[in-house]
Amino acid sequence: MVTTRRGFSSFSVDDLDAARSFYADTLGLRVTTLDEGMGLVVHLGDGAPVFVYPKDDHTPAAFTVFHLAVDDVDPVVDDLTAKGVDLLRYDGFDQDERGVARGFMEGGDGAWFTDPAGNVIGLMDGDGVTQLLAELG
């Protein structure tokens, strides 16, 4: 049996400075820079840490590295697109002209975009997200 002290998620990027700027300045998240180029800690709204580390041969994840649960996807999409962030489009999702999937996650809305390293980040809102967050604690 594994006894853990704490868990956290992590993913790689190819440029820590670009990642720090994106997560702090574009997304408005609190970011801590670790000593000696070891990486970054991105602090999500509930305090959950995400460790972002440099990797010279970085390949973007082929999946969503994390989701940001928000009160309303639409104003966040407006803000991000005004800052030059392009939303991703996926086959199989009914996305509107802006790239927002309506009725995603049990009636909420969802959208996806990439960080400067090409890692996919999702936005989500609605009742399904509320239920998921309750399960996550």
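This is a predicted model: local features need pLDDT of at least 70, side-chain atom pairs count only at pLDDT 80 or more; totals for chains, interfaces and linings use all residues.
**Stop 1: the largest pocket**

The pocket holds about 590 Å³ of space. Which residues are the closest to its centre? Pick out Leu44, Asp46, His67, Leu68 and Ala69, from the 26 residues that line the pocket.

Now colour by element. Those giving two or more residues to the lining are β4 (49-54), β5 (64-69), α2 (73-82), β8 (120-124) and α4 (127-136). Which element gives the largest share? Select β5: four residues of the lining come from this strand.

**Stop 2: the four-stranded sheet**

Look for an open sheet of four strands in the order β1-β4-β3-β2. Its pairing is mixed. Find the edge strands next: β1 (9-13) and β2 (30-33). Each of these pairs on one side only. Step across the sheet, and the twist averages 25° from one strand to the next.

Strands of a sheet pair through backbone hydrogen bonds, either parallel or antiparallel. Which way do β3 and β4 run? Zoom in on β3 (residues 40-43): four bridges join this strand to β4, and the two run antiparallel. Select Leu40, then look opposite to Val52 in β4.

**Stop 3: an edge-to-face pair**

Switch to the aromatic side chains. The structure holds 10 aromatic pairs. Start with Phe8 and Phe51, an edge-to-face pair. The rings are 6.3 Å apart centre to centre, with 85° between the planes. Phe8 lies in the segment before β1 and Phe51 in strand β4, so this pair ties together parts that are 43 residues apart in sequence.

Phe51 counts as buried, because its relative accessibility is 19% and buried means under 20%.

**Stop 4: a tilted pair**

Select Tyr23 and Phe66 next. Their ring centres are 6.1 Å apart and their planes stand at 40°, so the pair is tilted. Tyr23 belongs to helix α1 (residues 16-26) and Phe66 to strand β5, so parts 43 residues apart in sequence are tied together here. Tyr23 and Phe66 are both buried.

Definitions and conventions
Residues are numbered from 1 along each chain as its sequence is written. Side-chain values use heavy atoms; hydrogens and water are left out. On a 1 Å grid over the protein atoms alone, a cavity is a set of points where a 1.4 Å probe fits but cannot get out, and a pocket is an open set with protein on both sides within 12 Å along at least five of seven lines; lining residues have an atom within 4 Å of a point. Grid points are joined across faces, edges and corners, and a volume is the space filled by probe spheres set on the points. Two strands pair if DSSP finds at least two bridges between them. Axes are lines fitted to C-alpha atoms, for helices over the stretch in contact, and angles run from 0 to 180 degrees between N-to-C directions. Rings of Phe, Tyr and Trp (its six-membered ring) pair if their centres lie within 6.5 Å; planes under 30 degrees apart count as stacked, over 60 as edge-to-face and the rest as tilted. Buried means under 20% relative accessible area, exposed over 50%, partly exposed in between (1.4 Å probe, protein chains only).
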